[in-house]
Amino acid sequence: MIDVIPTDNTGLQSYVQTTTFEGTDFLLAFQYNQRCASWYLSVADNLGVDIYNGVTLVCGIPLLRKCKDPRRPAGAILCLSSTSDQSPPALYDLWAG
């Protein structure tokens, strides 16, 4: 099963949102780096304790594939493009559903 998770992006370059995966809340922090022209994702538990930090958002690759922390969300988190362009999302490319 695939769930589409919209972000809370409102044009900010840094924000945190709470997202529920299989009944468990996680904090997803999104940070845009202008120098690299890339978004970075960090994941924490619902208390704000870090699980995995600073993974670059790239399309089509499981973002937490290197995360060994047993508290991580189950399954795979992927960044998907809404077009055929698979380049990393730019500043205003995250979907705010």
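Me: I gather that strands (E, at least two residues) and helices (H or I, at least four) are DSSP runs, numbered from the N terminus. In the hairpin of β1 and β2, which residue takes a positive phi?

Reply: That residue is Glu 22, with a positive phi near 50 degrees. The hairpin has two residues between β1 and β2. This is a predicted model, where local features need pLDDT of at least 70, side-chain atom pairs count only at 80 or more, and totals for chains, interfaces and linings use all residues. Residues are numbered from 1 along each chain as its sequence is written, and side-chain values use heavy atoms, without hydrogens or water.

Me: In what sense do β1 and β2 pair?

Reply: Two strands pair if DSSP finds at least two bridges between them. Here β1 and β2 run antiparallel, with eight bridges. As one example, Val 16 has Ala 29 of β2 as its bridge partner.

Me: Which side chains of β1 are buried?

Reply: Buried means under 20% relative accessible area (exposed is over 50%, partly exposed in between; 1.4 Å probe, protein chains only). Along β1 the side chains alternate, and Tyr 15, Gln 17, Thr 19 and Phe 21 are buried on one face.

Me: What is the mean pLDDT of the protein chain?

Reply: pLDDT is the predictor's confidence in each residue, from 0 to 100. The chain has a mean of 89, with 95% of its residues at 70 or more. Confidence is lowest in strand β1 (residues 14–21), at a mean of 92, and highest in strand β4 (residues 50–56), at 97.
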